Amino acid sequence: MKAELAVIRSLAPLRRWHPWIVPATVALGLLAALSEGIGLSLFMPLLYSIDGAFSGAEHGPLADTLARVFSSVPASKRLIAISIGIMGLVFVKNLLLYLNEVLKSWIRTLLVHSLRARVADQLLDADIDQTLALFTILD
């Protein structure tokens, strides 16, 4: 737990410069997880639509909502509609995961640029004798 808090503290300057980064990362991750859960829950109506005896009320509120959504679809087309819904949610989940990875990559790029810029500033502001001594030690 202490290691995680140390990482969060070390990222504090990044949060000051770009305060929307943490909420955006959390929101994309949460939406991806929710779309995964909803996509998996579509398998219940898919399996029950094979025999046509799906009643959402006995399986919980999410199943009840899904039963209401797919009750307007004729029974002959319900299997296709549920399959398309599953494929659509898999696409949305993967799109959200991709956007999350793009955001994390951009955050890493910002962080590396910030670190390099600070090191360059310190080297440029340092006394020339100290800088030469540091490079001599590093060789």
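Lys93 is located in helix α6, helices being DSSP runs of H or I with at least four residues, and strands runs of E with at least two, numbered from the N terminus. The model is a predicted one, in which local features need pLDDT of at least 70 and side-chain atom pairs count only at pLDDT 80 or more, while totals for chains, interfaces and linings use all residues. Residues are numbered from 1 along each chain as its sequence is written, and side-chain values use heavy atoms, with hydrogens and water left out.

With a relative accessibility of 17%, Lys93 counts as buried (under 20% relative accessible area; exposed is over 50%, and partly exposed lies in between, with a 1.4 Å probe and protein chains only). Apart from neighbours within four places in sequence, Lys93 is in contact with Ala32, Ser35 and Glu36, where contact means heavy atoms within 4.5 Å.

Asn100 also belongs to helix α6. Its relative accessible area is 10%, so Asn100 is buried. When residues up to four places away in sequence are not counted, Asn100 touches Thr25, Leu28 and Gly29.

Helix α3 comprises residues 21-41 and packs against α6 at an angle of about 160 degrees, the axes lying 9 Å apart; axes are lines fitted to C-alpha atoms, for helices over the stretch in contact, and angles run from 0 to 180 degrees between N-to-C directions. The two helices α3 and α6 are therefore roughly antiparallel (angles over 145 degrees; under 35 count as roughly parallel, 65 to 115 as roughly perpendicular and the rest as oblique). The crossing of α3 and α6 is left-handed, a term applied if the near helix is turned anticlockwise from the far one by less than a right angle, with right-handed used if the turn is clockwise.

On the α3 side, the residues that meet α6 include Ile21, Ala24, Leu31, Ile38 and Gly39. Among their counterparts in α6 are Ile86, Leu89, Leu103, Trp106 and Leu110. The residues of the contact of α3 with α6 divide into 15 nonpolar, 5 polar and 3 charged; Ala, Val, Leu, Ile, Met, Phe, Trp, Tyr, Cys and Pro count as nonpolar, Asp, Glu, Lys and Arg as charged, and the others, Gly among them, as polar.

Ile107 is situated in helix α6, which spans residues 75-125. This residue, Ile107, is buried, at a relative accessible area of 15%. A separation of 9.6 Å is found between the C-alpha atoms of Ile107 and His18, which are 89 residues apart along the chain. In helix α3, Ala33 is partly exposed, with a relative accessible area of 49%. Ala33 and Leu97 are 64 residues apart in sequence, and their C-alpha atoms are 9.1 Å apart in space.

For the chain as a whole, 7 helices and 0 strands are assigned. Of its 139 residues, 21% count as buried. Among contacts between residues at least 6 apart in sequence, 67% join residues at least 24 apart. The chain exposes about 10200 Å², of which carbon and sulfur atoms supply 70%; accessible areas come from the Shrake-Rupley method with a 1.4 Å probe, and for residues only the protein chains shown count as cover.
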